[in-house]
Amino acid sequence: MSPVWSLCAGLLLLLLLWVRHRGLEAVLVHHRWVFVCLFLLPLSILFDVYYQLRAWAVWRLHSAPRQHAQRVRHIQAQRPFGYYLLQVREWKNEGSKRYMCTGRPGWLTVSLRVGKYKKIHKNIMINLMDVLEVDSERRVVRVEPLVTMGQLTAHLNPMGWTIPVVPELDDLTVGGLIMGTGIESSSHIYGLFQHTCVAYELVLADGSLVRCSPTENSDLFYAVPWSCGTLGFLVAAEIKMIPAKKYVKIHYEPVRGLQKICEKFTEESKKKENSFVEGLVYSLEEAVIMTGVLTDEAEQSKINRIGNYYKPWFFKHVEKYLKADRTGTEYIPSRHYYHRHTRSIFWELQDIIPFGNNPVFRYLFGWMVPPKISLLKLTQGEAIRKLYEQHHVVQDMLVPMKSLEKSIQTFHVDLNVYPLWLCPFILPNNPGMVHPKGDEAELYVDIGAYGEPKRKQFEARASMRQMEKFVRSVHGFQMLYADCYMTREEFWDMFDGSLYHKLREQMNCKDAFPEVYDKICKAARH
């Protein structure tokens, strides 16, 4: 045996003895980085390689997109497909005794929770993960619901196109961003992800295939976003495209004082000449406000390929401007910018791999980062789940921009989690579950809190119910991927259910799909 293999074997033996001494559960809870680095990072690489090879092969051979209509018919006709696919008509033949839901395992979703309903509902496999068509004349890309943001930008950017709103993490899917929601630093111009979509195709409870748009089945078009798959199965979507440019010229400006932070962020969010606006709040009185514009020209000395595996995590890079108390300008390649928070999962990875931003780790192992969120969920175990539930927060609250200062103060008092992510968006007065209180479009802001609350005597349920009450009081909204502690009455006080409930009645959804509240409330997830 070579010296290298002998050393590896010896280290592995020591590791196993240490795990045996400490206990597997204690290691997984208090030293999770060991399991993540040794097992989940390599598995995540294999996941990525498989999906990248598949996407490349699909586009080269055009086989899977051509089979889209056939796969949709399988969903409608309820015939076996592969060895596991059961369809809608079979559910009807069985007497419609159970609700239907997508058969995608709960651990594969980006949401940190797994839905309990998957175990008792009729699972319908929606194995649709391909880019179907790029229509340059209409400036529209037609995709299947399991296409991810990483897959879509990699597909469009070489053609000179992108989509107006590219929600941050690579693994977010089109279906999740439509049935839930999605946002990015360009949303102050384009709105939420749903507002960049021009049409949806759904299989309804009766097995029919329906296309909806602002001019065709418009009620359904406006009711689908935020409905979490409770009106039908999404099988395709058409999304606007805009010309892509090589770089984002980004300007960093540290701001101190809460009032000045809110004033500066609001001012920049109202400027349509800013292609991107984002804020990172590092304490109640300190933040960095970033603005960006798309460009094809760049000063070579100021190009920062922040997406390279050996580069510092983006939020740590931004913090340097705050610590140095200086402004700065640099050019980031567009695709690197779109996925700038992916490697560190915003700042969640620092709690999983505390030394992950260390230069030595980045240069040696940064190419393996991040671990798949789905694999983290699959392997977290009951002990870690309970620990995270009580001592960890992942929430996005959407509040009117005019309530930003009061909202940050509330986040500080109830949670005390930093950094906070600020992302502005314009909310049009369209029908559906989410719209402004008045008759006109209104500027809102997403406040994202991800991490361990530093508030003394933090109690998850009580603190989050207090936060939800505040958000309702300012006519804000809670993103539905997160833990929701509201009662049914409080939920429908926050969201407008008038169009949603009307369509569920008209389309006979009540026997086919659960109500959205019953899929997202805390009792429905673990």
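**Exercise 1. Find out how many aromatic pairs a search of the whole structure gives, then take apart the one formed by F276 and Y337.**

*Solution.* Searching the whole structure turns up 25 aromatic pairs. Keep in mind that we're working with a predicted model.

Step 1: get the geometry. The rings of F276 and Y337 are 4.7 Å apart, centre to centre, with 50 degrees between the planes. Planes under 30 degrees apart would count as stacked and over 60 as edge-to-face, so this pair goes down as tilted.

Step 2: F276 belongs to strand 11 (residues 276-283) and Y337 to helix 13 (residues 334-338), so the pair ties together parts that are 61 residues apart in sequence.

Step 3: check the exposure. The cut-off for buried is under 20% relative accessible area. F276 comes in at 3%, so it's buried. Y337, at 2%, is buried as well.

**Exercise 2. Which charged end sits over the ring of Y337, and how far is it from the centre?**

*Solution.* Go back to Y337, the partner of F276. The charged end of R340 sits over the Y337 ring, 4.1 Å from its centre.

**Exercise 3. Is L364 buried or exposed, and which nonpolar patch is it part of?**

*Solution.* First, locate L364: it's in helix 15 (residues 359-365). Its relative accessibility is 52%, and exposed means over 50%, so L364 counts as exposed. Now bring in V360 and F365: with L364 they form a nonpolar patch on the surface, and together the three have about 290 Å² of accessible area.

**Exercise 4. Work out why helix 7 is largely enclosed by the rest of the structure.**

*Solution.* List the buried residues of helix 7 to begin with: M149, G150, L152, T153, H155 and L156. That's six of the eight residues in the helix (residues 149-156), which is why helix 7 is largely enclosed by the rest of the structure.

Methods:
Residues numbered from 1 in each chain as written. Predicted model: local features only at pLDDT ≥ 70, side-chain atom pairs only at ≥ 80, totals over all residues. Heavy atoms only, no water. Phe/Tyr/Trp six-rings, centres within 6.5 Å; stacked < 30°, edge-to-face > 60°. Helix = DSSP H or I, 4+ residues; strand = E, 2+ residues; numbered from the N terminus. Buried < 20%, exposed > 50% of the residue type's maximum accessible area, 1.4 Å probe, protein only. Lys NZ or Arg CZ within 6 Å of the ring centre and 35° of its normal. Patch = residues over 30% accessible without salt bridge, like charges linked within 9 Å, V, L, I, M, F, W, Y side chains within 5 Å. Areas by Shrake-Rupley, 256 points an atom, 1.4 Å probe, with all protein chains shown as cover. Salt bridge = Lys/Arg side-chain N within 4 Å of Asp/Glu carboxyl O.
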